[in-house]
Amino acid sequence: MAVNSTQTRTRTSARTGRSPKTPATPAASARRTRPGQVAPAPPHPVPIAGSPIAGSPIAGSPIAGSRPKPSASAAEVVKAYLKVQVATLRSLEPKVRADEFDSVHQMRVTTRRLRATLRSFGMVIPRPATGKVAGELKWLGGLLGEARDGEVLPRHLLASLEAVPVELLIGPVQARVQGHFAPLRASAREVVIEALDSKRYAALLADLDQVAHDPPLGPQAGAPARDVLPAAVHQAYRQAKRRMRRAGQAPRGQARDVAMHEARKSARRARYAAETARPASGKPARTFARQMKKVQSVAGDHQDTVIARQAARELGINAHLAGENAFTYGLLHEHEHDQAERLQARARTVWKKASRPRYRKWMR
């Protein structure tokens, strides 16, 4: 018997507040946060993610140079975005150490914003000069990603099990899910804390401060941001367009899963580039960023199903080797596969709307 998909959609809708027509994964609510939505601030107010570049007010004292005027140069606008993100990274460190909810995810998002900005605006801050910093951000983001998976995957699988009829829950399924991920999460968290205590992380923070406040400047750094940044956003959009087309043409299975993941990363990069350009380009940049966020979210839901299928398979194998019945893990795998099929179709629909010319006129 297959998982009751109608029941699944109904329960998912209740958790996410979305229409039953839109498939969602339990991990989605943790990932879908606006720039600046982090855990409550500690006693001493600190800047929060994306402010004011992405539209959220800064908590506490404003960061010097983080509020560029519409007439600002390209370098001033990019540096402003970097300053806010570096301050956010620092503000999230004590939250991660305290194991506050969603702090690992938020810190990972911040590393991605920083890295994407350095990649997208190479004519403003030359990429060869920031290659080392980008590489170190990738290192930190990878560690945070493993810790995030250890938090989200068990919640995702346990939520999916809620849709399985009781008579089809054969064996200690919930207990095995929890027992499987608990040591993995603990280990991943230990690795993250060791990284935050390391000289390597301290050096990364120092390098980020340098890049955000006094970076090497490229040939278009002094030009008006409104003339320079839209072209960079358009370039990021074109990459997302190519990758979405490849995902639609890729054969079903692993090839399409990989293509969807690559398309998601490109949509995310286009979104962050538009967020950076917002002080100079205003509402059109914000609107485009929101459209790319929708694409990113659906593709992210799809990636969650990919990871969940891998976990369900591994759990089933371990259960079988332990002498347990692995039937329910097969149901989980089937459920995630069905979700992936629906999300692929949803991603095509969302992209078709997000890529309408009216959202891109400001880039020309």
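**Pocket, cores and a loop residue**

The residues lining the largest pocket comprise 16 charged, 10 polar and 3 nonpolar ones. The model is predicted, and the points below are grouped by topic.

**Largest pocket**

- The volume of the largest pocket is about 680 Å³.
- Its lining consists of 29 residues, and those nearest the pocket centre are Arg108, Arg112, Arg115, Lys265 and Arg268.
- Two or more lining residues come from each of helix 4 (103-120), helix 5 (127-161), helix 8, helix 9 (254-281) and helix 10 (283-321).
- Helix 5 makes the greatest contribution to the lining of the largest pocket, with 8 residues.

**Nonpolar cores**

- The largest nonpolar core holds 70 residues, and the members touching the most others are Val124, Leu229 and Phe288.
- Helix 8 (residues 225-249) supplies the largest share of this core, 10 residues.
- A separate core of 17 residues includes Ala308, Ala312, Ala319 and Leu331.
- Beyond its neighbours within four places in sequence, Val124 contacts Ala74, Ala75, Val78, Pro216, Leu217, Gly218, Ala221, Val228 and Leu229.
- As general background, nonpolar side chains in soluble globular proteins tend to be buried together.

**Ser73**

- Ser73 sits in the loop that lies between helix 2 (28-31) and helix 3 (74-97).
- Ser73 counts as buried because its relative accessible area is 14%, against a cut-off of under 20%.
- With residues up to four places away in sequence left out, Ser73 touches Ala221, Gly222, Ala223, Pro224 and Ala225.

Methods: Residues are numbered from 1 along each chain as its sequence is written. This is a predicted model: local features need pLDDT of at least 70, side-chain atom pairs count only at pLDDT 80 or more; totals for chains, interfaces and linings use all residues. Side-chain values use heavy atoms; hydrogens and water are left out. Helices (H or I, at least four residues) and strands (E, at least two) are DSSP runs, numbered from the N terminus. Buried means under 20% relative accessible area, exposed over 50%, partly exposed in between (1.4 Å probe, protein chains only). Contact means heavy atoms within 4.5 Å. A nonpolar core is a set of buried Ala, Val, Leu, Ile, Met, Phe, Trp, Tyr and Cys residues joined through side-chain atoms within 4.5 Å. On a 1 Å grid over the protein atoms alone, a cavity is a set of points where a 1.4 Å probe fits but cannot get out, and a pocket is an open set with protein on both sides within 12 Å along at least five of seven lines; lining residues have an atom within 4 Å of a point. Grid points are joined across faces, edges and corners, and a volume is the space filled by probe spheres set on the points. Ala, Val, Leu, Ile, Met, Phe, Trp, Tyr, Cys and Pro count as nonpolar, Asp, Glu, Lys and Arg as charged, and the others, Gly among them, as polar.
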